[in-house]
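Hi,

Here's the model we talked about. Have a look at it first, then read on for what turned up.

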Amino acid sequence: MHGETATISLVIFGWDPLFVSTILFIATYAVIVSEKINRAIVAGLGAGLMVTLGVLNQEQAIAGIDFNTLGLLTGMMVIVAITRRCGVFQYVAVWSAKKVKAQPWGILLMLSLVTAVLSALLDNVTTVLLIAPVTLLITEELKVNPYPYLFSEIFASNIGGTATLIGDPPNIMIGSAVGMSFNDFLLNTAPITPVIMAVTLLVIYFVWGRTLETNDESRQRVMQFRERDAITDVRLLKQSLAVLSLVIIGFMFAHPLHLEPATIAMFGAGLLLLLNNLGEDAENQTEDVHHSFAEVEWVTIFFFVGLFIVVSGIEHAGLLQMLGDWVVELTGGDMAVTAIAILWVSAIASAVVDNIPFVATMIPMIESMAPTFGGAENLMPLWWSLALGACLGGNGSLIGASANLIVAGFAERAGHRIGFLSFMMFAFPLMLLSIVIATVYVYFRYL
């Protein structure tokens, strides 16, 4: 209350901080959704106005930034940026295609599974950046329509990303805010993802898979690919795999080690930078470090910074507490109804808007429900509903997740445009099917 009183007295012209912060919040989100201005610019300006108009002071704005999320994202981006130079992802894709004797349906199955696993262990955006071009190369050689392959990889990337703390930004944000570990996600979101993946692939098989055909000559061309040629730096491959293994082990033992995920990711990034630069002179080291840091998605990082401050503004003004009370009143304070409502609203909202700002808003709102449900420790069903809904909902449309747009971009450049409506007509119902499965899972496991 003391903080709120201090805030009220500082708002420009004595305006109501609730009114000012709500207008700023709505305006920021409206411009982000319009995609007319880069989202990092919009979030930064929104954050700046929250402070300059007096809704927040600078200390409150800084305190609203989740540095654990930023550290984890940045550390993993550096690790992935260095790792992908060795060609290991392309190696795995070609190896997978040859393992199924270049059979069209087998390749779709393998590439989807590879995409799901890599999306769980790294991040789904990087995974599709590396798998989609190889997919287009293979389907061109097979002379088959790449659309079913790319469609399946989009779904696999978002389903795989749902499984772990580091697979999708919404999970990173929820895990950091609530203090969930890598193992918590392995025990709670990961078990249902193989089921959702299997059902998704089954549907894709009946829609496209059973009609995929090629000839022996085309298959032979794919079988002649040499996966070994994809590896460009064996030394870097060994270093990357060693550091990645250590980082994942670190995530699994983070709690007993009393370490936050950001510390582990940043330490892993530093270690890989060191190993990659051993024996190099100062000039080459500077160039390599500069190149590695340049590959960090700074637009995403600064988007997060601004967004955290904007959400902090409406949180301090009391809007999220009011919304939380309203949701509790609407659901009658029933945990089961509230959890299922959050799951479905998150999924549908994430299909039509970016799931990152949506989750950033939902986190403090769910936290505000703690007194109603007997304390923060009883909110776990709501957190898992939010994670499943936000991550799986990204499959509902082309703009639901960054990975979807990246795949669509590759497809268009290769002359295989993925239309927004044609994708959504099949993707949205299939996404809803995954939410039905998630609803059954949440209900029987937590409610």
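A quick term before anything else: two residues are in contact when heavy atoms lie within 4.5 Å. With that, of the contacts in the protein with a separation of 6 or more, 81% are accounted for by residues 24 or more positions apart.

Some ground rules. This is a predicted model, where local features need pLDDT of at least 70 and side-chain atom pairs count only at pLDDT 80 or more, while totals for chains, interfaces and linings use all residues. Residues are numbered from 1 along each chain as its sequence is written, and side-chain values use heavy atoms, with hydrogens and water left out.

The overall picture

The protein has 24 helices and zero strands. Both are DSSP runs numbered from the N terminus: helices are H or I with at least four residues, strands are E with at least two. Its radius of gyration is 23 Å, close to the 22 Å from the globule rule for 447 residues, so the protein is as compact as a globular protein of that length. (That radius is taken over C-alpha atoms, and the rule is 2.2 Å times the number of residues to the power 0.38.) The C-alpha atoms fill a box of roughly 75 × 55 × 45 Å along the principal axes. Of the 447 residues, 55% count as buried; buried means under 20% relative accessible area, exposed means over 50%, and partly exposed is in between, using a 1.4 Å probe and protein chains only.

Two helix pairs

Take α7 (residues 104-121) and α8 (residues 124-142): they pack at an angle of about 170°, with axes 9 Å apart. That makes α7 roughly antiparallel to α8. Axes here are lines fitted to C-alpha atoms, for helices over the stretch in contact, and angles run from 0 to 180 degrees between N-to-C directions. Under 35 degrees is roughly parallel, over 145 roughly antiparallel, 65 to 115 roughly perpendicular, and the rest oblique. Among the residues that meet are Ile 107, Leu 111 and Val 114 in α7, with Val 128 and Ile 131 among those in α8. By class, this contact of α7 with α8 has nine nonpolar, five polar and no charged residues. (Ala, Val, Leu, Ile, Met, Phe, Trp, Tyr, Cys and Pro count as nonpolar, Asp, Glu, Lys and Arg as charged, and the others, Gly among them, as polar.)

Now α5 (residues 67-83) and α14 (residues 234-252): their axes come within 9 Å and cross at roughly 155°. These two are therefore roughly antiparallel as well. On the α5 side the contact includes Leu 72 and Met 76, and on the α14 side Leu 244 and Phe 251. The contact of α5 with α14 counts eight nonpolar, two polar and no charged residues.

A few single residues

Ile 437 is in α24 (residues 420-446) and is buried, at 16% relative accessible area. Beyond its neighbours within four places in sequence, Ile 437 touches Ile 192, Val 195, Ile 196 and Val 199. Ile 437 and Val 195 are 242 residues apart in sequence, yet 8.2 Å apart in space, C-alpha to C-alpha.

Ala 102 sits in the loop between α6 (88-99) and α7. Its phi is near 60°, a positive value in a residue other than glycine. Is Ala 102 buried or exposed? At 0% relative accessibility, Ala 102 is buried.

His 258, in the loop between α15 (254-257) and α16 (261-277), also isn't a glycine and has a positive phi of about 55°. At 72% relative accessibility, His 258 counts as exposed.

Cheers
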